[in-house]
Amino acid sequence: MKFTKMHGCGNDYIYINGFTEKIAQEEKPEFVQKISDRHFGVGGDGAIFINPSDEADFEMEMYNADGSRAEMCGNGIRCVAKYVYDKGLTDKTKISIISSGKIKYLELFLKDGKVDTVKVNMGEPELLAEKIPVLVDGTKEKVVEEPIMVCGKEYKMTCVSMGNPHAVVFMEDVENLKIEQIGPYFEKHERFPKKTNTEFVKVLDRKNVQMRVWERGTGETLACGTGCCATVVACILNGLTDESVTVKLLGGEIDITWDREANLVYMTGPAVTVFEGEW
């Protein structure tokens with residue numbers, strides 16, 4: 001089976017051409033676990049199959065490193081766009097990609113004939129607690145600066161879905177955060193029926209924030225595209241930033257804009273091919 005290793009700001013996945021490479025659906029979770037292993041496999045935050053689609057130009061079928069399905073990945077979908085253009089599966093610089101039944105629209109920017117950066121219309125942020133989902137007391141519909149107890153300490157979270165659940169936590173110091181200790185407790189907290197991705201964020205100024213992320217089913221990653229989107233939405237909801245923000249990650253930077261009038265979130269960032277091989 002041929003594969004391509006790619007990353008967006010260090011958020012790396014193994015990409016497989018579903019047009020030509022065939023694997024039984026029931027075998028995919030175990031396959032993803034093995035190929036994602038950084039010691040005994042290729043190594044990655046998960047695997048993404050690029051498939052044909054009747055509803056969009058392409059389908060993105062995404063799995064976390066533990067073999068679980070994921071609904072959306074902002075860094076992943078940018079790399080899918082680079083893959084299909086650079087491999088000649090499309091000659092268009094504006095394409096659509098469907099993932100878990102939801103279509104995203106992407107604009108590709110080229111450098112020396114290859115895709116360099118990609119702008120993604122990530123759609124509307126979901127703020128209703130029951131649709132994120134996150135459990136709340138009483139009739140509260142949105143979760144903004146909501147207290148949550150984790151490991152005996154109270155944090156404040158703002159919850160957003162960008163096709164997958166996110167809990168954004170603001171703090172003064174993210175560099176020294178022991179994320180590997182606290183991340184799993186947020187991910188599997190009883191208030192998140194489908195678990196959650198958690199972003200730990202320091203606001204630098206009105207246009208820049210620093211973020212670390214604990215991704216559901218994977219652990220800490222160097223970047224998370226949907227997490228960047230959720231972070232900026234949470235920043236704006238709390239009056240902390242402007243509508244266009246650069247999110248600084250361990251693996252690079254991603255630019256996010258929340259068009260409040262249209263209620264659409266746009267993400268722009270790099271997509272990079274690392275190497276290709278055969279499994």
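## Briefing: cavities, backbone and cysteines

At 75% relative accessibility, Asp-112 counts as exposed, and its phi has a positive value near 55° although the residue is not glycine. Keep in mind that this is a predicted model.

**Empty space inside**

- Rolling a probe the size of a water molecule over the atoms shows where empty space is left.
- The structure holds one cavity of 30 Å³ or more, and the volume of the largest cavity is about 70 Å³.
- Which residues line the largest cavity? They are Tyr-13, Met-62, Asn-64, Ala-70, Met-72, Cys-73, Asn-164, Asn-197, Glu-215, Arg-216, Cys-224 and Thr-226.
- Sorted by class, the lining of the largest cavity comes to six nonpolar, four polar and two charged residues.

**The largest pocket**

- Two elements, β7 (102-111) and β8 (114-123), each give two or more residues to the lining of the largest pocket.
- There are 20 residues in the lining of the largest pocket, and those nearest its centre are Lys-102, Ser-161, Met-162, Gly-163 and Asn-164.
- By class, seven nonpolar, six polar and seven charged residues make up the lining of the largest pocket.

**Backbone details worth a look**

- Most residues other than glycine have a negative phi, and most peptide bonds are trans.
- The place of Cys-151 is the loop between β9 and β10 (153-161).
- Is Cys-151 buried or exposed? Its relative accessible area is 56%, so Cys-151 counts as exposed.
- The peptide bond that joins Ile-132 and Pro-133 is cis, with omega at about -10°.
- Pro-133 belongs to the loop between β8 and β9 (146-150).

**Cysteines**

- A disulfide is a covalent bond between the sulfur atoms of two cysteines.
- How many disulfides does the structure hold? The count is zero.
- Cys-9 is in no disulfide, and the nearest cysteine sulfur, that of Cys-228, lies 7.4 Å away.
- With a relative accessible area of 3%, Cys-9 is buried.

- An α-helix has 3.6 residues a turn, so residues three or four places apart point the same way.
- In helix α3 (residues 179-187), the buried residues are Ile-179, Ile-182, Gly-183, Phe-186 and Glu-187.
- Viewed down the axis of α3, these buried residues fall within an arc of 140°, so they line one face of the helix.
- What covers the buried residues of α3? The cover includes β9, β10, β11 (165-170), β12 (197-205), β13 (208-215) and β14 (219-221).

Definitions and conventions: Residues are numbered from 1 along each chain as its sequence is written. This is a predicted model: local features need pLDDT of at least 70, side-chain atom pairs count only at pLDDT 80 or more; totals for chains, interfaces and linings use all residues. Side-chain values use heavy atoms; hydrogens and water are left out. On a 1 Å grid over the protein atoms alone, a cavity is a set of points where a 1.4 Å probe fits but cannot get out, and a pocket is an open set with protein on both sides within 12 Å along at least five of seven lines; lining residues have an atom within 4 Å of a point. Grid points are joined across faces, edges and corners, and a volume is the space filled by probe spheres set on the points. Ala, Val, Leu, Ile, Met, Phe, Trp, Tyr, Cys and Pro count as nonpolar, Asp, Glu, Lys and Arg as charged, and the others, Gly among them, as polar. Helices (H or I, at least four residues) and strands (E, at least two) are DSSP runs, numbered from the N terminus. Buried means under 20% relative accessible area, exposed over 50%, partly exposed in between (1.4 Å probe, protein chains only). A disulfide is a pair of cysteine sulfur atoms within 2.5 Å. The arc is that of the directions from the helix axis to the C-beta atoms. Contact means heavy atoms within 4.5 Å.
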